[in-house]
Amino acid sequence: MTDNLFNIQLLMESGGLVLWLILLASIVMWTLIIERYVFLLFLHPKDKQKLIEHWHQRSDRRSWYAQQIRLGLIAESRISLERYLVLIKTLTMALPMLGLLGTVNGMIQTFDVMTVFGTGNTRGMAAGISIALITTMGGLLTALSGLYFSTQLQQRVTRTVDNVADALRRD
């Protein structure tokens, strides 16, 4: 366990400040993804049941006014279901850009070493290239995982809103 923590610490140090930003952005993204799954699986079914009960308690479910209330209930459900999805998608798109920022930073360090020492200092050049590659990998890896889960969440939200709309149909 201690060896793994040491390896992670070594990786983070070799990635530089940008890798820490990627880690922070991915923690925020994953926190939001987990929160959305908890909401979809545990909290939303209770909210959906309350909406259905509220709808079925109405005596008038056929008039134009009743249908506007139905559309409002569906919209409320959609808003609560789509909460944080835009932020998750934004973080998913920002993570590769952070990786690219780390790449540029690492290459600048490499060129600085080459400017001062020429091509003779391979150790100094390798450090810059290492930063470039590690941050690129970190940004792309976290973005790919976020892309999969944000797409899956969006599909689930669409299906769930359709289910709410079907449950609030006219009788």
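Biologist: Which residues in helix 2 meet which residues in helix 4?
Modeller: Keep in mind that this is a predicted model. Helix 2 brings Arg-70, Ile-74, Ser-77, Arg-78 and Leu-81. On the helix 4 side, the partners are Val-157, Thr-160, Val-161, Val-164 and Ala-165.

Biologist: Are helix 2 and helix 4 roughly parallel or roughly antiparallel?
Modeller: Helix 2 covers residues 64-81 and helix 4 covers residues 122-167. Their axes come within 10 Å and cross at roughly 155°. Angles over 145 degrees count as roughly antiparallel. So helix 2 and helix 4 are roughly antiparallel.

Biologist: Is the crossing of helix 2 and helix 4 left-handed or right-handed?
Modeller: The axes cross at roughly 155°. The crossing of helix 2 and helix 4 is right-handed.

Biologist: How do helix 1 and helix 3 run, roughly parallel or roughly antiparallel?
Modeller: The axes of helix 1, residues 2-56, and helix 3, residues 85-117, come within 9 Å. They cross at roughly 165°. That makes helix 1 and helix 3 roughly antiparallel.

Biologist: What classes of residue has the contact of helix 1 with helix 3?
Modeller: Helix 1 passes helix 3 in a left-handed crossing. Leu-21, Ala-25 and Arg-36 of helix 1 are among the contact residues, as are Leu-91, Gly-99 and Asn-105 of helix 3. The contact has 14 nonpolar, five polar and one charged residues.

Biologist: Are helix 1 and helix 4 roughly parallel or roughly antiparallel?
Modeller: They pack at an angle of about 5°, with axes 9 Å apart. Their contact has 18 nonpolar, 15 polar and three charged residues. Angles under 35 degrees count as roughly parallel. Helix 1 and helix 4 are therefore roughly parallel.

Biologist: Where is the kink in helix 1 centred?
Modeller: Helix 1 has 55 residues, and a straight helix would reach 81 Å. Its end C-alpha atoms are only 58 Å apart. Helix 1 has a kink of about 120°, centred on Gly-16.

Notes. Residues numbered from 1 in each chain as written. Predicted model: local features only at pLDDT ≥ 70, side-chain atom pairs only at ≥ 80, totals over all residues. Heavy atoms only, no water. Axes fitted to C-alpha atoms, helices over the stretch in contact; angles between N-to-C directions. Helix = DSSP H or I, 4+ residues; strand = E, 2+ residues; numbered from the N terminus. Parallel < 35°, antiparallel > 145°, perpendicular 65-115°, else oblique. Left-handed = near helix turned anticlockwise from the far one by under 90°. Contact = heavy atoms within 4.5 Å. Nonpolar A, V, L, I, M, F, W, Y, C, P; charged D, E, K, R; others polar. Expected span 1.5 Å × (residues − 1). Bend = angle between axes of the 7 residues up to and from the residue.
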